[in-house]
Every structure is written in structure tokens, then in C-alpha cells.
Amino acid sequence: MARKDRTTDGVEEKDREKWMARFQVRLAMRPGVDRAVVLQAVKEVTAHCAETGEQPRTAFGDPDAYAVQAAERLVPADRAARERRHNAVVDALDAVRKKAGEITGL
């Protein structure tokens, strides 16, 4: 019986870990994504890879692009829209605060 090459196994495991870490970070950055959404998406990817034996990159492609797809599928549209609006308001207020701080005498 042939033994698997440990070097190949190590490289595949490292690539899987890097893919999963990048996917989780990019997913968490999407509007409306909370811990439950990240856990659900990770569970789905892990289950698929365990069932098929595929690596995440092979099965799902680029982790950044798949994070966008997963967020669109798992986050209700109204929640994502509400968070995008909230983020826009916070960004605008932060810009005003920064400008006000640059004005001398204030």
C-alpha cells in the first residue's frame, strides 16, 4: 500500500488553513455579517470539503470572491442594506470630525 507524501499533505493543509482564514476575515468584513453567519459558512465549507475530499480553493475558488457570494446568500438583504447605510453615516461623521480637528482654534 502506497503512503501519502507528508510534504504534499503539509502543503495542502497549510493552503487550506490560509484559505479558511482569508475567507473568514473577508466574510466578517461584509455588511450584515455576524458571528453566526461566519460560523454557518465555515461549517458549510468544512462539511463540503470533508464529504468530497476537495480543497476549499478547488471547490470554491478565490476566498475573497466566495466570501462575497456567501454573504449575499446568508445575510438577509435588508440587514445588509441597513448596515451599509449605518457605515456610510459613521464614515461621514468621522470625516467631519477629522476636518473639524484640522481647523485651527477648535
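Colleague: In which helix is A67 found?
Modeller: This is a predicted model, in which local features need pLDDT of at least 70 and side-chain atom pairs count only at pLDDT 80 or more, whereas totals for chains, interfaces and linings use all residues. Residues are numbered from 1 along each chain as its sequence is written, and side-chain values use heavy atoms, with hydrogens and water left out. Taking helices as DSSP runs (H or I, at least four residues; strands are E, at least two) numbered from the N terminus, A67 belongs to helix α4.

Colleague: Is A67 buried or exposed?
Modeller: Buried means under 20% relative accessible area, exposed over 50% and partly exposed in between (1.4 Å probe, protein chains only). The relative accessible area of A67 is 0%, so A67 is buried.

Colleague: Which residues is A67 in contact with, leaving aside neighbours within four places in sequence?
Modeller: The C-alpha atoms of A67 and F23 are separated by 5.8 Å, although these residues lie 44 residues apart along the chain. With contact meaning heavy atoms within 4.5 Å, the partners of A67 beyond those neighbours are F23, R26, L27 and R30.

Colleague: At what angle do the axes of α2 and α4 cross?
Modeller: Axes are lines fitted to C-alpha atoms, for helices over the stretch in contact, and angles run from 0 to 180 degrees between N-to-C directions. In the contact, V37, Q40, A41, E44 and V45 of α2 meet Y66, R73 and L74 of α4. The axes of α2 (residues 35-52) and α4 (residues 63-74) come within 11 Å, and their crossing angle is roughly 115°.

Colleague: Is the ring pair of W19 and Y66 stacked, edge-to-face or tilted?
Modeller: Rings of Phe, Tyr and Trp (its six-membered ring) pair if their centres lie within 6.5 Å, and planes under 30 degrees apart count as stacked, over 60 as edge-to-face and the rest as tilted; by this rule there are five aromatic pairs. W19 in helix α1 (residues 6-28) and Y66 in helix α4 form a pair that ties together parts 47 residues apart in sequence. Their ring centres are 6.4 Å apart and their planes stand at 35°, so the pair is tilted.
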